Amino acid sequence: MPPMLRAALVIGLGWVLMAAVAGLGHAFALTIMLPSTTAILVCQVAFDRERSLPAGLAVAIILGYLEDLHQGLPTGTLSLSFGLVYLAFAWLSLRVQAEGTIVRAIAAGLACLAADLLTWAILVSLADPLDLSRPALQSGLRTLHWHALATMLAAPAVWGMIAGLGALIRRIGAQGTPRPHHGAPAPGPAPRLAPRFGQRLGPRSLLSPGSTASPPASPPPAPRLACPP
């Protein structure tokens, strides 16, 4: 799959999941903590060894920017948070592998917790210029572990969506490539030319190519008779 197509696939899936999670929470009036699908996607991109570091960082920053617009935070807050989280997990991916459902869920929960802590630190540092309530920020700090837990529970489903979409794109691309007809004969070896009329075939021409058999020995000369004096 081309790198640009893979990046667009992750960004599009992230935008759809943001809208879907928020819409379901509003429609059903859910009061429980909802998962951070963006943290799961950033974690998956960081552990994707086929993606380059600049491309993955660009995906993380774009997803963070979409989260800023979606949550109404100051522009650049979550972009910076998810960008730093991606760099940290990309460094971590060089030493450990996220294999298995449990390991991926734990990695996604840690990514969500790290992004929330970075976002909280940024907002606290900008509380006076942005006229933010510090008591509200302090109360939000006590619920970060529930956000990480909800993200851990949703991580296997989101990771499976990425794998399923990737397999679907590869299958569509494979169907578009031309294939040989089943009725066409398979190409065989090149035909051997028949000897021309009057041409003698040596002993090596009767053998298969590459044979090292030696030609037959010539017969001994006939004895010469001596004439009487």
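Predicted model: local features only at pLDDT ≥ 70, side-chain atom pairs only at ≥ 80, totals over all residues.
**Exercise 1.** Find which residues the salt bridges join into one network with Arg6.

*Solution.* Start with the whole structure, where a search finds four salt bridges. Now take arginine 6: its partner aspartate 48 has its closest N and O atoms 2.3 Å apart from those of the arginine. Aspartate 48 sits in the loop between helix H2 (37-46) and helix H3 (53-71), while arginine 6 is in helix H1 (residues 3-27), so this pair ties together parts 42 residues apart in sequence. Next, glutamate 50 also forms a salt bridge with arginine 6, at 3.9 Å. Finally, aspartate 48 meets arginine 51 at 3.3 Å, N to O. Through shared partners, Arg6, Asp48, Glu50 and Arg51 form one network.

**Exercise 2.** Describe the surroundings of serine 93.

*Solution.* First place the residue: serine 93 belongs to helix H4 (residues 77-93). Then check its accessibility: at 6%, serine 93 is buried. Leaving aside residues up to four places away in sequence, serine 93 touches Ala46, Phe47 and Arg49. Last, look at the polar atoms: one in the serine 93 side chain lies 3.3 Å from the backbone oxygen of alanine 46.

Methods: Residues numbered from 1 in each chain as written. Heavy atoms only, no water. Helix = DSSP H or I, 4+ residues; strand = E, 2+ residues; numbered from the N terminus. Buried < 20%, exposed > 50% of the residue type's maximum accessible area, 1.4 Å probe, protein only. Polar contact = N/O pair within 3.5 Å; in protein donor to acceptor, adjacent residues only side chain to side chain. Contact = heavy atoms within 4.5 Å. Salt bridge = Lys/Arg side-chain N within 4 Å of Asp/Glu carboxyl O.
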